[in-house]
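Grab a pencil and have a go at these exercises. Try each task yourself before you read its solution.

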Amino acid sequence: MDPLVKCTILLIILGLVGNAFSINDYDHCENVVKKWATTSIKNERNEDKHTLKDLLFFLHVPRTGGRTYFHCFLTKLYLSSLECPRSYDKLRFDPSKEKCRLLVTHDDYSITSKLPRDRTSVVTILRNPIDRVFSTYEFSVEVAARFLVHPNLTYAKLMTGRLRFKSIGVSTLEIWPWKYLVPWMRDDLFARRDARKARGTNDVTSNDPYNMQDVAMPLLNYINDPIAHEIVHNGATFQIAGLTNNSYLPESHEVRHCVDKYHNLGDYVLQVAKKRLDNMLYVGLTENHRESATMFANVVGQQVISQLANSKAIAYLNHCASERSSSFSDSELDQNTNSDEKGNETKSSSDDNDVKQESMTVGKLMDTYEVCISSLRKTQTRRRIASLKRIPPANFTKEARLQVPKMVLQQIQSLNKLDIELYEYAKGIFVKQHKQAAESLFDTETLGSIFVYSGGIKLWDACLWTMPFVLLFILLFVNAKRTLKVKI
């Protein structure tokens, strides 16, 4: 037989065998993903999702504003003695204990398998996926830039190890996803700095902060890297589905691998994530900041206040001025660059004694929130400027984002289709929540807390003040009309 014919037949046979293996692999993946999805949905409880349970789990999706909610809402509601110890490598506490009432971490939904499911309420915040990818890139660069104070990468790693050993808190490098993203970016920054030194120049040829080849990894390289595919893209969907590389589920890696290989299987993951959003006590949106914060105070805050007021664990709730300060030191934020990055293994027994002899209300909670968020934003801005000064001319702004090529934006959209669909679904939930919250609020204090200007002036209070003048005007108008008729 002609060698060419033999070769052709061999290639055909190999193709058929490869195709058979491919079909079998797809069937295997489909079965794995479908089995996981069916089990996950089956385990979801259809209880009263509107009622706060004993344990509140804040599932913090990175770069959604969760730090603000933690510092400016939750630490004002819960005494630190009621917080569950936050751990980032494995669960180091017994969540079934009665005093464990608040858990705030970057852990994905799979951690609920370790929690008392019938006594746990889950809340979360979602953000426009495109903006979240930008923010994740920017934060990776910002935190990594802090290491450039050291002369070289080896020394930076050595000093980091020493600080982590001495610190009783939890550093950024121990927290998902930053324990992967920051070292990756840190090593890249040092490599580019060393390359500039080798060339004998520090000149930067680009003013585009998202494409500074000489200084930092360009955004386009970042989003196309396997690490970003593993952690960043569709990160919110995988986190709510419980399928991150930080998951407690043994099958999570295989399910995630199958979805990455066969994108149509992502519909099963999306179905589970949507179901879990449906069952959450609260779903906020980063873009609807004012409405989300107000709703959180009324939906979650009000129930926490009522729940703890009736609890024997504490006598009074309002400890916002005495237990926690609304300002944050540089050293604190250096160790805790996210909402839940501070270790909490040790608790002060004096916390309960610092509670003010005054009850918390939703109105006071919102007033405290306004002061707190203003201080927090100033501190964040100051730290970001200080970090980016180490990699000039990097300056991440809204205007700079608008200059990013359309091709890059389209690629981010393509890589985050699950997150985009989940975000649209969350917006529908948000509208329903807003309507339900409005229908259930009738007392003047709660209604007043809803109608708030960004400057802190309550429209309800304004109505109460102006009502007498309106009534007086109407009375004068009616009397004037009657007098006019009499004269005629």
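Helices and strands here are DSSP runs (H or I, at least four residues, for helices; E, at least two, for strands), numbered from the N terminus. You're looking at a predicted model, where local features need pLDDT of at least 70, side-chain atom pairs count only at pLDDT 80 or more, and totals for chains, interfaces and linings use all residues. Residues are numbered from 1 along each chain as its sequence is written, and side-chain values use heavy atoms, with hydrogens and water left out.

**Exercise 1.** Find the helix that holds Thr237, then work out whether Thr237 is buried or exposed.

*Solution.*
- Start with the helix: Thr237 sits in α8, residues 235-241.
- Next, the cut-offs: buried means under 20% relative accessible area, exposed over 50%, and partly exposed in between (1.4 Å probe, protein chains only).
- Thr237 has 0% relative accessibility, so it counts as buried.
- Now look for its contacts (heavy atoms within 4.5 Å). Setting aside neighbours within four places in sequence, Thr237 touches Val269, Leu270, Ala273, Leu418, Asp419 and Leu422.

**Exercise 2.** Classify the ring pair of Tyr69 and Phe73.

*Solution.*
- You describe a pair of aromatic rings by the distance of the centres and the angle of the planes.
- Rings of Phe, Tyr and Trp (its six-membered ring) pair if their centres lie within 6.5 Å; planes under 30 degrees apart are stacked, over 60 edge-to-face, and the rest tilted.
- The structure holds 15 aromatic pairs.
- For Tyr69 and Phe73, the centres are 5.5 Å apart and the planes meet at 70°, so this pair is edge-to-face.
- Both residues belong to helix α2 (residues 66-77), and because they are four residues apart there, about one helical turn separates them.
- Check burial too: Tyr69 is buried at 5% relative accessible area, and Phe73 is buried at 0%.
- Then try Trp184 and Tyr222: with 5.0 Å centre to centre and 15° between the planes, that pair is stacked.

**Exercise 3.** How are helices α11 and α16 oriented to each other?

*Solution.*
- Axes are lines fitted to C-alpha atoms, for helices over the stretch in contact, and angles run from 0 to 180 degrees between N-to-C directions.
- The axes of α11 (residues 289-309) and α16 (residues 417-440) come within 11 Å and cross at roughly 50°.
- Under 35 degrees is roughly parallel, over 145 roughly antiparallel, 65 to 115 roughly perpendicular, and the rest oblique.
- The two helices, α11 and α16, are therefore oblique to each other.
- Finally, the residues that meet: Glu291, Ser292, Met295 and Val299 from α11 face Phe430, Gln433, His434 and Ala437 from α16.
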